[in-house]
Every structure is written in structure tokens, then in C-alpha cells.
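Visitor: I'm new to reading protein models. Could you walk me through this one?

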Amino acid sequence: MAKQDRPRRPRLVVTRRLPPQIEARMSELFDVELSEGDLALNPQALAAAAARCDVLVPTITDHVDAAVIAAGRGRLQLIANFGNGVDHIDLKAARAAGVIVTNTPGVLTEDTADMTMALILSVPRRLAEGEKLVRSGSWTGWSPASMLGHRVSGKRLGIVGMGRIGRAVARRAAAFHLTVSYHNRHRLPEAVEQELAARYEPDLDRLLVDSDIVTIHCPHTPETENLIDARRLALLPEHLYLINTARGPIIDEEALLDRLERGAIAGAGLDVFAHEPAIDPRLLALDNVVLLPHMGSATFEGRAETGERVIANIRQWADGHRPRDQVFEGWV
């Protein structure tokens, strides 16, 4: 898109409520339509929004498919995603329509890694169960055989996906004396492996078999849909804990439920789900699972930085430049 075709004060539609300071800054710089109810838009409302703006600012709750992009044809020029993952955006359709897509990589790395480490600690040590016991009023006091969990120190942590977040988790794992192995599409440079004290495992199946704790950090793409499927879940040893703060559909949730209900694995820590916000009632009934409401990146600082990155991408685009965080088809 030529520089002269880009409006200096573009019309934005923001689909969800953002931090107040971000909304205020957007209102200063752009012609902005903000979300009033902070509810996820249905497909019809999302298509209507795309048709009346130059820039759509969606989040993970918005399924920006080919129909939505087609509705914006003739006006929509930029999809400035609030967040890193773009699996909810049809990149192929965007490219065909000449619509640029941007995201906000790296902003939420440390926050998500912190939450991952919290789950790695809380599931084996049964923190959620202990908290429920205290609140129930049925706790009778300390006992040497009560609420026993498993020590984290000395265990092997398997990291699936060694991007920014995976590496941040590896750095934290070292402080807890976890031995780290990782599986990735591409092996990291030897210097990085040494820095992280991480061993590369090219065979994902072997990583799953040899680990005590496995944490998922790969993006959700067609190739990683059900990456941890029923066959691979069957490989997991009974003592293993599975952690997922990436995307729900990377794990076959039905098969995971079967393993958890039968006690075929020790437990799971899940911040994401296959059909969120819907949660399978069977998950809610399990004591050996810690469930969080997709809050891995939910910090005041992270949300503000994400908003600033969205604004920067829009300003770069409006000035006729290629946005720093432009996403291309085939992004991982």
C-alpha cells in the first residue's frame, strides 16, 4: 500500500477494552471506536467492524477469518493484533486482500514464563488442593502424611518449543535445579544451549518419555494442532505432570482427560483450553489439575506494553513504513 493511500489519522475499531492509558493515547492519535461492553464480537459484528475501519485492533477472542477480511475489502488496510499469537487471524486471506497484519512479540515473555513456573511448582506440590482444603474449613492441622506432593528439584523438565517463552522458562528452571531438555523445530546454537543448560532432543516422543514435567510453548498452527495427541499422551509416564500456557488445541483435550481420570499421569496445569471459555466439566472435577482462566500474560505492565506496541505499529504503518512487527503468512 503506497504511503499516500494511508490516512494520517486512520479510523480504528478496537474490539475489547484496553488499559485506560492506552485507550486515551489511541484517542489522541487516531479516530478510534472503543469497545463499550468488553464482550467478544460475534462473526457478524466483527465483519461489520472490519467494514467501517482502516485499522482493526482485535484480540485472541476475535476470529478474523476470510469472511471478516472480505467484509473490510475496500477500506480495511491493517489488522494490528493486541497480542503475540495470530492463530485467530486468517493470514492467507489477509495477504490475498492486501491487508497487513501485525502482532506484539516479546512483550509478554516474562509474564507468561512466570506463570508457567508457578504451575510447574503448584501442580506437583498440590498448592490448589491445599488452598481449597483450608478454605473448606475441614483442615484438622499438620500431619506427617497429609498433602504429600512431589519435590521439583532434581526433576527433568521437557520444554516443547524453545522460542522466547521456552527460553525464559529454562532460565527460571535452573534456579529450581531442574534438568532441562527441549524439543524445537530447529536446534538452538550451542552457546545458547550452554547458557540455558539445556539439552536438545530431536525426537518429541523421546522427550515425553524421558521427562518428569513437560511444558508446552510452541505456537498454535495447523502443524501443531493436537501435537500432543492420544498416541503421544499414551507415551507419558504415570509420574509426569503436563503444563500448558500456550494454546489449548495443541493438546488433545479429550485424550488428556482420559489419562487424568484414569490416573495414567500425575496431573496437569492448564491456563488454556481447547474450547475456551468453555471448560469440560470433567476437568473441573479433577483434584490433580490446576486450572487458570488464560491469565498467563495478565499483568498491568504487560497489557500496557502490548498496547504501546500496537500503537507503534499503527503509527509506523500510517507514516508509510513497514511496521516493525508485520506478520507474514507461514508465521510461527
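Guide: Let's begin with the inside: the largest cavity has a volume of about 50 Å³. On a 1 Å grid over the protein atoms alone, a cavity is a set of points where a 1.4 Å probe fits but cannot get out. Grid points are joined across faces, edges and corners, and the volume is the space filled by probe spheres set on the points. This is a predicted model, where local features need pLDDT of at least 70, side-chain atom pairs count only at pLDDT 80 or more, and totals for chains, interfaces and linings use all residues. Residues are numbered from 1 along each chain as its sequence is written, and side-chain values use heavy atoms, leaving out hydrogens and water.

Visitor: How many cavities of 30 Å³ or more does the count come to?

Guide: That count gives 1 cavity.

Visitor: Which residues line the largest cavity?

Guide: Lining residues have an atom within 4 Å of a point. Here they are Asn244, Gly248, Ile251, Glu253, Leu256, Leu270, Val272 and Phe273. They split into 5 nonpolar, 2 polar and 1 charged. Ala, Val, Leu, Ile, Met, Phe, Trp, Tyr, Cys and Pro count as nonpolar, Asp, Glu, Lys and Arg as charged, and the others, Gly among them, as polar.

Visitor: At what angle do helices α5 and α7 pack?

Guide: Helices (H or I, at least four residues) are DSSP runs numbered from the N terminus, and so are strands (E, at least two). Axes are lines fitted to C-alpha atoms, for helices over the stretch in contact, and angles run from 0 to 180 degrees between N-to-C directions. For α5 (residues 109-122) and α7 (residues 164-175), the angle is about 50° and the axes are 9 Å apart. Angles under 35 degrees count as roughly parallel, over 145 as roughly antiparallel, 65 to 115 as roughly perpendicular and the rest as oblique. So α5 and α7 are oblique to each other.

Visitor: How do α1 and α13 cross?

Guide: The axes of α1 (residues 20-29) and α13 (residues 300-318) come within 9 Å and cross at roughly 15°. That makes α1 roughly parallel to α13. Contact means heavy atoms within 4.5 Å, and among the residues making it are Ile22 and Met26 of α1 and Val310 and Ile311 of α13.

Visitor: Where is Pro277 found, and is its bond from Glu276 cis or trans?

Guide: Pro277 sits in the loop between β11 (267-270) and α12 (281-284). The peptide bond from Glu276 to Pro277 is cis, with omega near 10°.

Definitions and conventions. On a 1 Å grid over the protein atoms alone, a cavity is a set of points where a 1.4 Å probe fits but cannot get out, and a pocket is an open set with protein on both sides within 12 Å along at least five of seven lines; lining residues have an atom within 4 Å of a point.
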